[in-house]
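The entries follow in the order in which I looked things up.

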Amino acid sequence: MPDFLSFINEILWGSVMIYLLFAAGIWFTFRCGFIQFRAFRQLHNNLKNSLSPLPGGLTSFQALCTSLAARVGSGNLAGVALAISAGGPGAIFWMWMTALIGMATSFAECSLAQLYKEADKQGQFRGGPAWYMARGLGMRWMGVLFSLFLLIAYGLIFNTVQAHSVSHALRFAFDCPEIVTGSVMALFTLGVIITGIKGVARLMQWMVPVMALLWVGASLLVCAWHADQLPAVFTLIVKSAFGWHEAAAGALGYTLSQALTAGFQRGMFSNEAGLGSTPNAAAAAASWPPHPASQGIVQMIGVFVDTIIICTASAMIVLLAGPVDLPANTTGVQLMQQALVNLTGDWGADFAAFIIVLFAFSSIVMNYIYAENNLIFLHADAHKSRWLLRGGAVLMVLLGSLLSLPMVWQLADIIMALMAITNLTAILLLSPVVTLIARDYLRQRKLGVRPVFDVARYPEIEAQLAPGAWDDLPRQ
């Protein structure tokens, strides 16, 4: 079975996903007028003017924090360490590339999610890939297929990955039994997820900035202590990305293919651009200014924060520490812990364990919220099914903590690829709508007016939208 999963992974990521992700990112970069660079400076205003809750949805800041809560998980620590182990330092360069081009892909999918959102019976906005597949493409069957992939991935598999990282981190740092870690984490998870998306959003808008600043701050201190080594580290990253370092050194190294594959896999697992997960949070926001592109811009900045800032912080710790002497079966998070110990002393393992608990817990909670959102797409009145999903999510947290699951990362990669293929197909088919949204937003910004999405200007799109989703906006 492991060999079969490895074969499927090699096909999906070696022959399909890398080219599809790269092509989609480049396509939307050009189609949207390089919006990830042109609109970057507008993020501050979009967030500053959207800190107070609006009827029907979360604020843009809450939506950003909830999406970051899902993005910023064990992949930012364990995943980075595994990427360097599998692809060498050059994998970090390709992680950066996934972020820069992935920002355009994230803009596309999150703008579409905001455009095709609809209010549920409680008045809360909901949406995501399943909704724009059903409304924008008229292909509900595709939305059902995507929702099933997401339920398996986010409701079950990804939670085991996060819990596994936490249990190993606490065992390494404090010799804490896995059963204790799993039980406590499962109880806390259940206590938070029953509060619903608004309760989770209120928690994450405080928790996410604090945990991100703690980790990035620690990395900056480490970099300051070893500032003389930084030029060599960045040179190594670039040379290794293209295989130049190995040719020059004549020593054991990694090929371009290994660096590229490891960087794209772990980069996408971390920032989730194109995966179709983040749009579930983007749709829940009542964007300000009232335009689908404004939420797309906010969410694409999440890709930058996750990969360019947080993953780079982790990479610096691993690379500055140099080779880490640990057993061959060591997990990624333990590699990160030992690297921090080598740089700072014994307290480094405890600090890394604390950070991974925060990262993983926030990710597990948001994984459930995404899964619940798609369960509602499949069945709007799924009250009993929600409790089954909650039970399944909590059980997988417990199992992930207790069991050694060597196939978990492989299963996560396969499901992630299937989700991405479905989602990228949909947003590429809807690329004319994405282009229209981007041009409409940039046109109004160029005129110096507050962007407002006037659905009356686009009757073909208006016919696809949920009743009332955009009807009450002020006209210019």
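**Entry 1: S401.** I began with S401, which, leaving aside its neighbours within four places in sequence, is in contact (heavy atoms within 4.5 Å) with A163, H164, S167, E178 and G182. I located S401 in helix α18, residues 383-402; helices (H or I, at least four residues) and strands (E, at least two) are DSSP runs, numbered from the N terminus. S401 counts as buried because its relative accessible area is 1%. For accessibility I used these classes: buried is under 20% relative accessible area, exposed is over 50%, and partly exposed is in between, with a 1.4 Å probe and protein chains only.

**Entry 2: basis of the values.** I note that this is a predicted model, in which local features need pLDDT of at least 70, side-chain atom pairs count only at pLDDT 80 or more, and totals for chains, interfaces and linings use all residues. Residues are numbered from 1 along each chain as its sequence is written, and side-chain values use heavy atoms, with hydrogens and water left out.

**Entry 3: the chain overall.** I recorded 21 helices and two strands. Of the 476 residues of the chain, 61% count as buried. Among contacts between residues at least 6 apart in sequence, 82% join residues at least 24 apart.

**Entry 4: confidence.** I looked up pLDDT, the predictor's confidence in each residue, from 0 to 100. The chain mean is 83, and 88% of its residues reach 70 or more. Confidence is highest in helix α7 (residues 129-135), at a mean of 95, and lowest in helix α12 (residues 244-249), at 50. Over residues 247-252 the pLDDT is below 50, and beyond near neighbours in sequence this stretch has one contact in the model. Where pLDDT is low, the predicted coordinates should not be read in detail.

**Entry 5: T278.** Is T278 buried or exposed? T278 counts as buried because its relative accessibility is 0%. T278 is placed in the loop between α13 (256-271) and α14 (279-282). Leaving aside neighbours within four places in sequence, T278 is in contact with S67, R71, C110, E272, Q299 and Y370.

**Entry 6: helix α17.** I then examined α17 (residues 347-378), whose 32 residues reach 47 Å from first C-alpha to last. This is close to the 46 Å expected at 1.5 Å a residue, where the expected span is 1.5 Å times one less than the number of residues. Helix α17 is mostly covered, with 27 of its 32 residues buried.

**Entry 7: α10 against α15.** I found that the axes of α10 (residues 196-225) and α15 (residues 292-321) come within 9 Å and cross at roughly 35 degrees. Axes are lines fitted to C-alpha atoms, for helices over the stretch in contact, and angles run from 0 to 180 degrees between N-to-C directions. The contact is made by A212, W215, V216, S219, V222 and C223 of α10 and by I309, I310, A313, S314, M316, I317 and L320 of α15. I counted these residues as 11 nonpolar, two polar and no charged; Ala, Val, Leu, Ile, Met, Phe, Trp, Tyr, Cys and Pro count as nonpolar, Asp, Glu, Lys and Arg as charged, and the others, Gly among them, as polar.

**Entry 8: positive phi.** Most residues other than glycine have a negative phi. I noted F34, with phi near 55 degrees, in the loop between α1 (2-31) and α2 (35-38). F34 counts as partly exposed because its relative accessibility is 36%. D175 also has phi near 55 degrees and lies in the loop between α8 (140-174) and α9 (178-193). D175 counts as exposed because its relative accessibility is 52%.
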